[in-house]
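Please walk me through this structure in the viewer, one selection at a time. Say what to pick next and what is found there.

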Amino acid sequence: ELKQAVIYDAVTKGLDKNADMKDSGIPAIGKVNEKFKIAKIGELQEGLTDGTHGTYQRLDSGELLLSSKNVQNEGLVVGNNESFISTEDYKAIVANGFPQKNDILLCCIGASIGRCILYPYNYPIAFQRSVIFIRTNHWMLPKFMLYSLQSPSSIMQENVIVNQSAQAGFYQGLVKQLYVTVPSINEQNKIVSYLDKKIKNIDDVISTKESLIEDLEYYRKSLIYEVVTGKRKVVD
């Protein structure tokens, strides 16, 4: 919640807390820095498509075929139990040039809807249709678009669209209708640098707290074991 609040403030208001504000005209976005423009994602992309809709023979080894389950908050996660396809099928899937490094991977089906990351590799991996690829144009930095999609303003718009859809999914045409703020590229760079540091600090705090919880849980189990086995004496 704290991360989302920090991201929302930065992508809608910028870093100047004294900046004049204006009504964005989009309820989910609210007031924004008066210097920021508002645009649909469809106007800010030079490529937007999804993974393959085809059915392929699964093999014991070969080329990876990933899906939305591999797109996690910490990045692209490839486990030990993945789907593999032939090299021929792989080449057919990635022949359209997606994904390439710094494309945004956006989950669009099921419980993972809205989860997004930047694609980290210099070579393409084949994906199923549960993932949408967004390649930004010269008006928007990929990392700024990523933060915009992680903002509550985008999540609220996604929820409205998904709930109004006949099918429980978030598809290419709908993604293009999402509104985001568009600061200058220089301002986007500053906001991205600020958020990178701020989010890392928050993640470090979360990691420390999670480690403490694990230690306390281990101590609790050890204490219970010692008491019920008589290794620790209980005194009234």
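A crossing is left-handed if the near helix is turned anticlockwise from the far one by less than a right angle, and right-handed if clockwise. This is a predicted model, in which local features need pLDDT of at least 70 and side-chain atom pairs count only at pLDDT 80 or more, while totals for chains, interfaces and linings use all residues. Residues are numbered from 1 along each chain as its sequence is written, and side-chain values use heavy atoms, with hydrogens and water left out.

**Stop one: two helices**

Select residues 142-150, helix α3, and residues 185-228, helix α6. Helices (H or I, at least four residues) and strands (E, at least two) are DSSP runs, numbered from the N terminus. The axes of α3 and α6 come within 9 Å and cross at roughly 60°. Axes here are lines fitted to C-alpha atoms, for helices over the stretch in contact, and angles run from 0 to 180 degrees between N-to-C directions. α3 is therefore oblique to α6; angles under 35 degrees count as roughly parallel, over 145 as roughly antiparallel, 65 to 115 as roughly perpendicular and the rest as oblique. The crossing of α3 past α6 is left-handed.

Now show the side chains. On α3, K143, F144 and Y147 make the contact, and on α6 the residues are Q188, I191, V192, L195, D196 and I199. Contact means heavy atoms within 4.5 Å. Sorted by class, this contact of α3 with α6 has six nonpolar, one polar and two charged residues. Ala, Val, Leu, Ile, Met, Phe, Trp, Tyr, Cys and Pro count as nonpolar, Asp, Glu, Lys and Arg as charged, and the others, Gly among them, as polar.

**Stop two: the other partner of this contact tour**

α1 passes α3 in a left-handed crossing. Q4, I7 and V11 of α1 meet F144, Y147, S148 and Q150 of α3. This contact of α1 with α3 holds four nonpolar, three polar and no charged residues.

While on α1 (residues 2-13), pick K13. Is K13 buried or partly exposed? K13 is partly exposed, with a relative accessible area of 28%; buried means under 20%, exposed over 50%, and partly exposed in between (1.4 Å probe, protein chains only). Residues up to four places away in sequence aside, K13 touches Y8, M21, K31, N33 and F36.

**Stop three: the sheet**

Turn to the open sheet of four strands, ordered β4-β12-β9-β10 with antiparallel pairing. Two strands pair if DSSP finds at least two bridges between them. β4 (45-50) and β10 (116-118) are at the edges with a single partner strand each, so one side of each has no neighbour in the sheet. Neighbouring strands are turned by 20° against each other on average, direction ignored.

Select β9 (residues 104-107) and β12 (residues 131-136), joined by four bridges. C107 stands opposite V131 in β12. α3 returns here: this helix packs on the sheet and touches β9, β10 and β12.

**Stop four: strand β4**

β4 pairs with β12 over five bridges, and Q45 has T136 in β12 as its bridge partner. Five of the six residues of β4 are buried. Finish on T49 in β4, which is buried with a relative accessible area of 17%. Beyond its neighbours within four places in sequence, T49 is in contact with N96, F98, I132, F133 and Q172.
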